Amino acid sequence: MSDSDALWELAAGHGGVYRLELPVKTGPPVEAMLAEAGYRVAVGGEGSRTRGFYAALRAGLGLPEWTGSNLDALWDVLTDLREPTALVWRGADSYAVARPQRWSQLLEVLTERSTQDPPFAVVLA
């Protein structure tokens, strides 16, 4: 799927996992486009640490600090979402290289949630 096709899907409110190859400075930031399309947007920071992923998710979704940092807690949080939500994960490739097994597990949970309502989209940028 091309970047423009992925952006159209996102703008139409479709959940899913999308990889965008757009340069950071091309057009409006993907976060702004998602917010315009009605998504609540959480931005995951760059880095190769699992702890950093969960911290960014907590901050982006406004979750309490005591929210668990494991796959079960992630699933619980994601299935509790009541509005269209998008996770923009910049630097996901760094995480995937540093932690391939954990990456596979996280991606499985994120992908499964993206098939449910309300829409949930993951943008790997």
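What pattern does the protein chain follow, read along the sequence? It goes α-β-α-β-α-α-β-α-α-β. That comes to 6 helices and 4 strands. Helices here are DSSP runs of H or I with at least four residues, strands are runs of E with at least two, and both are numbered from the N terminus.

Some ground rules. This is a predicted model: local features need pLDDT of at least 70, side-chain atom pairs count only at pLDDT 80 or more, and totals for chains, interfaces and linings use all residues. Residues are numbered from 1 along each chain as its sequence is written, and side-chain values use heavy atoms, with hydrogens and water left out.

Now the overall numbers. Of the 125 residues in the protein chain, 38% are buried. Buried means under 20% relative accessible area, exposed means over 50%, and partly exposed is in between, with a 1.4 Å probe and protein chains only. Next, contacts, meaning heavy atoms within 4.5 Å. Take those between residues at least 6 apart in sequence: 68% join residues at least 24 apart.

On to β4. How many of its residues are buried? The count is 5 of 5. Both faces are covered. Phe 120, Val 122 and Leu 124 sit on one side, Ala 121 and Val 123 on the other.

Which way do its partners run? β1, residues 16–19, is parallel to β4, with 4 bridges. β3 is also parallel to β4, with 5 bridges. Two strands pair if DSSP finds at least two bridges between them.

β1 itself alternates. Gly 16 and Tyr 18 point to one face and are buried.

Now Thr 85. This residue is in strand β3, residues 85–89. Why does Thr 85 count as buried? Because its relative accessibility is 1%. Its bridge partner in β4 is Phe 120. Leaving aside neighbours within four places in sequence, Thr 85 is in contact with Tyr 39, Arg 40, Leu 61, Pro 119, Phe 120 and Ala 121. A polar atom of the Thr 85 side chain also lies 2.9 Å from the backbone oxygen of Glu 83.

Most peptide bonds are trans. From Asp 117 to Pro 118 the bond is cis, with omega near -5°. Pro 118 is in the loop between α6 (100–113) and β4 (120–124).

A cavity is a set of points, on a 1 Å grid over the protein atoms alone, where a 1.4 Å probe fits but cannot get out; lining residues have an atom within 4 Å of a point. The count is 1 cavity of 30 Å³ or more. About 40 Å³ of space lies in the largest cavity, volume being the space filled by probe spheres set on the points, which are joined across faces, edges and corners. Which elements give two or more residues to its lining? They are α3 (50–61) and α4 (71–79). Among the lining residues are Tyr 54, Arg 58, Gly 68 and Val 77.

Note on methods
1 Å grid on protein atoms, 1.4 Å probe; cavity = no way out; pocket = protein on both sides within 12 Å on 5 of 7 lines; lining within 4 Å. Polar contact = N/O pair within 3.5 Å; in protein donor to acceptor, adjacent residues only side chain to side chain.
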